[in-house]
Each structure stands twice: as C-alpha cells, then as structure tokens.
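Please read them with the structure open beside you.

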Amino acid sequence: MNLIQWFRFASPQSFYPLAGRMIPWFWTLAALFGIAGLWVAFFVAPTDAQQGEGYRIIFVHVPASWMSMFIYMVMAFWAGLGLALGTRLSGMMAQALAPTGALMAALSLWTGALWGKPMWGTWWVWDARLTSELILFFLYIGFIALQSAIDDPRRADKAGAILALVGVVNIPIIYFSVKWWNTLHQGSTINLTRAPSMAQTMLLGMLLMALAFWMYSIAVALTRARAIMLERERHTEWVKHAVD
Amino acid sequence: MKPRTKRIALIAGGLASLGIAATFVLKALDSNIALYITPSEVVAGKAPQGNAFRVGGLVKPGSIQRQDMATHFIVTDTVKEIPVTYTGILPDLFREGKGAIVQGRMGADGTFVASEVLAKHDENYMPPEAKHAIEQAQKAQQKGMSQ
C-alpha cells in the first residue's frame with residue numbers, strides 16, 4: 001500500500017509543493033555541513049607530510065568528483081525510468097540534475113589542474129582518469145545541448161535519455177581507471193574494502209564537505225525541477241493556481 | 001508482452017550489449033590507454049623504437065645526482081633500473097623513493113634523456129608527525145632484523 005503513497009508524488013502537481021517545502025531544509029543543511037567542513041578543512045586538519053598545505057584542495061576536489069559521478073547515475077536512472085515508463089516527472093528530474101552534474105565535473109577538473117601543476121609538475125596529462133572525467137563533462141554538456149535543441153519536451157526527454165544511458169558505461173571506467181591502467185592520478189584513498197589511508201581529521205573534513213555538496217546538489221536540483229515543472233505544464237490548471 | 005515490459009527489456013538488453021562492447025574495446029586498447037610503461041617492459045624491448053615514450057617507477061633512493069642544471073637519477077620498478085638524465089625544474093613531489101613518470105627518448109648509451117618529469121603522488125595523506133613515527137618504527141624494525 002506504500003506504493004500508492006509514493007506514486008502520488010510522481011505527478012508534478014503534487015511534487016511541486018512537496019519540493020518547495022523541502023528546499024529550505026536542504027539549503028540549511030548544506031550551509032551547516034559546509035561551515036563545519038570548511039572549518040575542519042582549514043583549521044583542524046593537519047598539514048600533509050609530503051604536499052604541505054597544497055593538499056587542502058582535496059576538500060573540494062574529492063567531493064566534487066564523487067558528486068559528478070553520482071549525479072550522473074541518478075540522472076541516468078531518472079532518464080531510463082522516463083524512457084521505460086513514460087512518467088512526466090522523470091524527464092524533468094533528469095533535466096534538472098544535468099547542470100549541477102556538469103558544474104561538479106568542471107569543478108573536479110579545474111581543482112585537479114590547480115593541484116596538478118605544483119604537485120605533479122603539469123596542469124594536465126591524457127591519463128585514463130583525467131580523460132574519462134573530461135568525457136563525463138562532455139556527456140553532461142551533450143545531454144544539455146541535445147535536450148535544448150529539441151522543442152517537443154517528450155521527444156527531447158527520449159533523445160536525452162538514450163544519450164544518458166549510453167554514457168553510463170563511462171562511470172565504472174572513471175572509477176576503476178586508476179586500478180586498470182597505469183595512470184598519473186593516484187589510486188583511491190577511500191574505498192570499501194580497507195581502512196582509508198588518511199589521517200582521521202582530514203577524512204572528517206572531507207566527509208563533511210561531501211555531505212555539504214550532497215545537500216547543495218539536492219537543493220539546487222529541486223529548485224531547478226520546480227522551474228521546469230512550471231515551464232512545461234504552464235497550460236494546466238494547477239500551474240495557474242500555483243503561480244497565483 | 002505488454003509494451004512497457006517490452007520497452008524495459010529493450011533498454012536492459014541495449015545497455016548489456018553496450019557494456020560488453022565497451023569491455024572488449026577497452027581490453028583491445030589496454031596498452032594504449034596506459035600512460036607509461038615500467039622499466040621491466042623497457043628492458044624487455046616493449047618501448048617504441050626511436051620514438052618518445054614515458055617510463056614510470058620509483059626514484060631509486062640515493063641515486064639523485066645534480067650537475068649544474070642537469071639531474072641524474074635512476075627509475076626502478078624494484079626489478080629493473082633505467083638511468084635518467086633531465087635538465088630543468090623538477091616538481092615539488094619529486095623525491096627519492098617516490099613515484100615519478102619521465103617522458104623522453106632512450107639515448108644510444110642506454111641512458112633515458114627526459115624532456116619532462118612528472119611526480120606521482122600516492123594515495124596516502126598524513127601529518128608530518130605520523131610520517132616521522134612510521135619512519136622511526138621502520139628503522140627500529142630494520143635494526144631488529146639485522147641483529
């Protein structure tokens with residue numbers, strides 16, 4: 001019977017006010033986690049033995065990279081759901097997530113380059129990890145471009161969904177690239193099979209920042225989804241009521 | 001079959017075949033995706049003849065020698081060693097016992113002449129005190145073993 005409850009929110013009409021009520025909470029949580037995370041990152045976490053203060057860029061770089069991959073999976077999930085079931089909300093959610101995902105991928109590439117120059121001695125190399133993350137960024141841009149190029153939202157959703165689903169192949173490639181091939185990028189510090197090879201307070205700062213990025217992404221995606229709902233359903237009765 | 005079930009099956013089948021295709025392509029490209037080769041591979045003759053390539057490994061401890069602007073060091077994968085010379089500025093993380101990737105050509109005398117040196121960082125992040133403690137422990141262990 002729970003299922004029916006969930007399906008109720010699958011229509012834009014009832015999801016619109018729900019999202020509106022949730023957004024302030026996510027913004028508040030994003031601010032709290034962000035302040036706590038930055039405080040730990042700058043004042044509590046110790047200096048790294050090898051890299052000095054420069055390592056502190058990981059507090060933005062790693063959460064941004066995680067989000068760029070995770071948002072893509074969520075976006076592809078919504079897109080796939082829309083393609084399979086033809087639900088209206090799915091396509092809107094996928095469209096709402098894409099710009100935030102692109103932002104995260106860009107942030108990850110940019111902070112990585114800033115760290116790479118002093119530490120590695122280069123802004124960029126064409127190694128498997130860096131290249132596959134760049135492809136992820138292009139997938140986001142391609143998805144946004146393809147969706148905006150088609151006027152009919154239902155056809156735009158379909159075309160975008162196929163692109164998004166095909167691009168899913170790239171996600172395990174990004175994640176495992178440092179294991180499968182010789183890369184300049186180091187292996188993962190945090191993984192599921194063993195304890196993280198990082199000082200406790202550094203890890204705490206990174207996890208707090210990751211939570212802040214999560215909350216920010218949800219808040220922004222919901223805000224964008226609300227705007228898309230109004231735009232796409234502007235001829236319906238509920239939108240007229242919602243805007244009044 | 002209901003059209004919806006058919007559509008889901010079609011999407012699932014499409015994704016599965018795409019995944020398999022991607023796996024084969026990546027397997028075929030394997031050696032081309034690698035950013036560098038190891039000293040063992042160079043010794044085994046896998047380096048492209050006459051072309052520039054990258055070698056990656058550890059900078060052998062005690063092997064760095066500076067001569068004016070040039071730096072001589074040995075890159076090793078603990079099995080084989082390649083002597084390298086490089087003229088220029090080295091990155092911050094270039095250290096003895098740490099990973100490095102050198103790009104250049106093999107000289108006639110078996111010395112690798114590098115045009116670019118990149119330092120490879122490992123996945124460990126720790127404060128200086130922790131690093132000091134680990135080094136002390138390793139020294140104590142070595143002493144115990146040699147006695």
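1. Which domains does the domain assignment give for chain B? The assignment gives domain 1, covering 1-33, and domain 2, covering 34-146. Taken over C-alpha atoms, the centres of domain 1 of chain B and domain 2 of chain B are separated by 40 Å. Please keep in mind throughout that this is a predicted model.

2. Chain A has nine helices and zero strands, so that its pattern, read along the sequence, is written α-α-α-α-α-α-α-α-α. With a radius of gyration of 20 Å, close to the 18 Å that the globule rule gives for 244 residues, chain A is as compact as a globular protein of that length. Along the principal axes, the C-alpha atoms of chain A fill a box of roughly 60 × 35 × 35 Å.

3. If one takes the contacts in chain A with a separation of 6 or more, 78% of them are between residues 24 or more positions apart.

4. The largest nonpolar core has 60 residues, and A:Met75 and A:Met209 are those with the most contacts inside this core. The elements of chain A that give two or more residues to the core are α2 (12-44), α3 (58-85), α4 (88-119), α5 (128-149), α6 (153-167), α7 (170-180) and α8 (200-232). Among these, α8(A) provides the largest share, which comes to 15 residues. As general background, nonpolar side chains in soluble globular proteins tend to be buried together.

5. Turning to the interface, 31 residues of chain B are in contact with 34 residues of chain A. On the side of chain B that touches chain A, the elements giving two or more residues are α1 (3-33), β6 (112-120) and α3 (128-146) of chain B. The largest share of that side, nine residues, comes from α1(B). Sorted by class, the side of chain B that touches chain A has 20 nonpolar, four polar and seven charged residues.

Terms used
Residues numbered from 1 in each chain as written. Chains lettered and ligands numbered in written order. Predicted model: local features only at pLDDT ≥ 70, side-chain atom pairs only at ≥ 80, totals over all residues. Helix = DSSP H or I, 4+ residues; strand = E, 2+ residues; numbered from the N terminus. Rg over C-alpha atoms; globule rule 2.2 N^0.38 Å. Contact = placed C-beta atoms within 7 Å. Core = buried A, V, L, I, M, F, W, Y, C linked by C-beta atoms within 7 Å. Buried ≥ 20, exposed ≤ 12 C-beta atoms within 10 Å, placed from the backbone. Domains from an automatic or database assignment. Nonpolar A, V, L, I, M, F, W, Y, C, P; charged D, E, K, R; others polar.
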